[in-house]
Amino acid sequence: MIRLFTAIELPESVRMRLTLLQGGVPGARWSPTENLHLTLRFIGEVDEATANDIDDVLSTLKAAAFDLTLKGAGEFGGRDPHALWIGVAPSEPLLRLAAKIESALQRMGLEAETRKYTPHVTVARLRDAPLAKVREFVSAHSPFDSGPFAVRAFALYSSHQSSRGSLYRPERTYALD
Ligand code: 2AM
């Protein structure tokens with residue numbers, strides 16, 4: 001079995017900026033630079049035959065290239081925050097791409113994703129982080145703006161557990177028109 005998800009790879013310069021803003025929150029496990037990505041669709045554990053079918057349908061998917069901007073900051077979990085993230089400026093082409101991937105995966109027989117798609121880049125996972133520090137991080141980084149960068153492809157990532165946490169690896173990339 002292999003754990004998969006689709007995501008957009010971020011340019012090195014954007015990942016550097018996201019790495020530089022990491023800090024100041026005790027209890028945060030900061031995402032390593034090489035793990036920073038924007039998830040399009042989480043897939044989960046599949047067998048090898050299904051992974052190959054997923055690769056096939058994604059290879060034939062047609063969608064347009066577009067520009068994207070990372071913007072703003074937030075947390076998931078409210079009073080018991082478990083993640084810090086940098087957000088994404090509203091983008092119709094991003095939502096269209098995510099929707100195309102969703103319907104392609106459903107057509108090949110995967111179960112529908114029932115959760116609403118909330119584009120974000122996780123920069124830290126939190127355990128027992130002081131709420132005040134989490135709020136400080138979010139307000140300090142709310143003005144974050146990456147400026148636009150071109151998205152000319154998306155990728156099928158695998159996720160592996162290692163002693164140092166999850167390792168994400170782009171297994172296949174798919175060009176956008
Ligand atoms: P997250 O960063 O907000 O946790 C690999 O795990 C990627 O898939 C992560 O970007 C993760 O989002 C996302 N993902 C979405 N749903 C998930 C789920 N149910 N379990 C694990 N990861 C999920």
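Predicted model: local features only at pLDDT ≥ 70, side-chain atom pairs only at ≥ 80, totals over all residues.
**The ligand site**

Let's start with where the ligand sits: the space it takes up is the largest pocket. Around the ligand you'll find Arg3, Phe5, His37, Thr39, Phe42, Arg115, His120, Thr122, Arg125 and Tyr168.

Which strands each supply at least two residues of the shell? They are E1 (2-9), E3 (37-46) and E7 (121-126). E3 gives the largest share, with three residues.

| Side chain | Ligand atom | Distance |
|---|---|---|
| His37 | oxygen | 2.7 Å |
| Arg125 | oxygen | 3.0 Å |
| Arg115 | nitrogen | 3.3 Å |

So much for single contacts; what about cover? On its own, the ligand has 460 Å² of accessible area, and the protein covers 73% of that.

**The E5 and E6 hairpin**

Now for the hairpin. Strand E5 (residues 70-76) runs antiparallel to strand E6 (residues 83-88), and the two pair over five bridges. If you want a spot to look for in the pairing, Leu70 stands opposite Val88 in E6. Six residues lie between the two strands of this hairpin, and Gly77 there takes a positive phi near 120°.

Note on methods: Residues numbered from 1 in each chain as written. Heavy atoms only, no water. Near = heavy atom within 4 Å. Polar contact = N/O pair within 3.5 Å; in protein donor to acceptor, adjacent residues only side chain to side chain. Areas by Shrake-Rupley, 256 points an atom, 1.4 Å probe, with all protein chains shown as cover. 1 Å grid on protein atoms, 1.4 Å probe; cavity = no way out; pocket = protein on both sides within 12 Å on 5 of 7 lines; lining within 4 Å. Sits in = over half its atoms within 2 Å of the grid points. Helix = DSSP H or I, 4+ residues; strand = E, 2+ residues; numbered from the N terminus. Pairing = 2+ DSSP bridges.
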